[in-house]
Amino acid sequence: MFGLMMDTPLLIKNIALHAERNHARQEIVSVTSDLGVHRYTFGEAISRARKVTNVLSKLGCSSDARIATLAWNDFRHLELYYGVSCSGRVLHTINPRLFADQLIYIINHSEDEIIFFDTAFTGLLESISDRCPTVKAYVAMTSENHMPTSSLPNMLCYEELLHAESSECDWPDFDERTASCLCYTSGTTGNPKGVLYSHRSTVIHSYALCMPDAASLSAHDAVLTVVPMFHVNAWGYPYSSLMVGSKLVFPGPKLGDAETLIGLINDEGVTIAGGVPTVWLPLLEHLKKTGQGVPTLSRTVIGGSACPLSMIEEFRDDFGVQVLHGWGMTEMSPLGTVNTHNPQTIEYTGAAMQEHLVKQGRGLPGVELKITDEQGQDLPWDGEAFGTLKVRGPWVCSDYYKLSTASSAHDGDGWFDTGDVASIDANGYMKITDRTKDVIKSGGEWISSIDLENVAMSFPGIRECAVVGMPHSKWQERPLLVVVNKDNDNPVEVSEVLRFFEGKVAKWWIPSDAVFVGELPHTATGKVSKLTLREELKGYQFPDDG
Ligand code: AMP
């Protein structure tokens, strides 16, 4: 027997219409390259998003056209988020940090019809445009008097196009499973793979992000989106913020600049900010150096790679900020788990609390988790057993966009293999030990590089570090600690840092050596690239092996 409830589709336009009716005067603040700090309201943003839809029709875009953006986080990008998807077309957000060949591949693979771009990327587009035959026009996201001189074919001006359009348009109704956005994963091997979100998945994920045990967003919040809007929809904040009426603060091209971020937090009363650990390192350093605080900031959502315990404690103890350690993936829209307390864990003290805080947290309602052994058998949730982490749920991708062969990451029962190795405790808290590809196997046993990095990061004098498995003739692999010094005039001593591990991890886990580098290689999304690091270290030999 079916229930007798309305089957109104879950569409992104309903987020916009709700925001327009209920939070029209809420503010959106953006750092821009042409207008300085720009401010306007949700109401104005949605009105201009309708103009975007009219522009797309005027330009003759097909009804399911892929419309690309190559842009930083700001108000115009937000207008495209809504103006493109609410029209039934697909917003393809491109990561400008990809290599030229990858950019060309994804633009052709998705058959983008128009590319909207920040003028900072004019040169980048000029260098590839002759290899992007599907693109009919390039729209510079700026005003007439800031248009770049460029050889780009059919270059148009965003403000001029919007100026000529009416803000009247009735966004259509359609099936909630219609594609809304496309984001390619920046995998380390092979071509990037497209994750195609739907209106339904986006709306459900937006509700989940607002929940108290997720980001707990409300109209009393001001959200700083440090996660780029070209990476998994800025973790969903552009949707959730409009849903509940949180003020939005966009850092524009300055999203890597600690001074700007701190200025925005304090000037705009930011209460919550989300980003990868590498963003927060310089921010914490800058706060310490200048003696500034961030009194309005109550929480930061940190994920994308493991957040070190030292960072969680520094935010909490020195600045009164709660770190919400989260885990997710492009394939998961992205949010999978968040570490918030339950009534038992909040009572933990000392080492038990520390062990708990580094976990990535519990699955959000809607996301099912399981861990399996090498034969695919389920492993117990005892906090000890670890294996392949698999997920399923309404905001997890069911396949990749236009792959010639079915994805090997999906099994017959609809579970998606995340490529992560994890344990889950009896309370449901999941802990990532490694990427499958980065697991260190020493003498047949697994060693968690993330656990070792956590210990090393609390050693004074280490700015950033990574632990990688390097070949060893006796043990097959041994962990090598790679360190970036905080202060090169006072470098860390190898013997001291290795001794620091004693009593904190099993003796045979202690890295066999430490080496120093000026900086660690990062991927296009700000994670340490262990693949590149291992290549850079090729030929390295452990002192006890030779
Ligand atoms: P991406 O799709 O580029 O966002 O990358 C997703 C991957 O990032 C996951 O599969 C994990 O390997 C890693 N990741 C994300 N969040 C965390 C976290 N909190 N701790 C450890 N790894 C993480």
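How many Å from an oxygen atom of the ligand does a polar side-chain atom of arginine 435 lie?

Reply: The distance from a polar side-chain atom of arginine 435 to an oxygen atom of the ligand is 2.8 Å. The model is predicted, so local features are taken only at pLDDT of at least 70 and side-chain atom pairs only at pLDDT 80 or more, whereas totals for chains, interfaces and linings use all residues. Residues are numbered from 1 along each chain as its sequence is written, and side-chain values rest on heavy atoms, with hydrogens and water left out.

Glycine 326 places a backbone N or O atom 2.7 Å from one nitrogen atom, and glutamine 360 has a polar side-chain atom 2.9 Å from a nitrogen atom of the ligand. On its own the ligand would expose 500 Å², of which the protein buries 90%; such areas come from the Shrake-Rupley method with a 1.4 Å probe.

Two elements, strand 14 (322-328) and strand 19 (416-424), each give two or more residues to the shell around the ligand. Strands here are DSSP runs of E with at least two residues, helices are runs of H or I with at least four, and both are numbered from the N terminus. The most comes from strand 14, with four residues. In total 16 residues surround the ligand, and the closest are Gly326, Thr330, Asp420, Arg435 and Lys527; to be included, a residue needs a heavy atom within 4 Å of the molecule. The shell comprises three nonpolar, ten polar and three charged residues. In this scheme Asp, Glu, Lys and Arg are charged, Ala, Val, Leu, Ile, Met, Phe, Trp, Tyr, Cys and Pro are nonpolar, and the others, Gly among them, are polar.

Eight of its nine residues are buried, so strand 19 is largely enclosed by the rest of the structure. Buried means under 20% relative accessible area, exposed means over 50%, and partly exposed lies in between, with a 1.4 Å probe and protein chains only.

Strand 19 also has partners on two sides. Five bridges join it in antiparallel fashion to strand 18 (residues 386-392), and another five link it, again antiparallel, to strand 20 (residues 430-435). Two strands count as paired if DSSP finds at least two bridges between them. Valine 421, in turn, has aspartate 434 of strand 20 as its bridge partner. Strands 19 and 20 form a hairpin with five residues between them, and glycine 428 in the turn has a positive phi of about 90°.

These strands belong to an open, antiparallel sheet of four with the order 17-18-19-20. Strand 17 (368-372) and strand 20 are at the edges with a single partner strand each, so one side of each has no neighbour in the sheet. On average, neighbouring strands of this sheet are turned by 45° against each other, direction ignored, the axes being lines fitted to C-alpha atoms and angles running from 0 to 180 degrees between N-to-C directions.

Notes. Polar contact = N/O pair within 3.5 Å; in protein donor to acceptor, adjacent residues only side chain to side chain.
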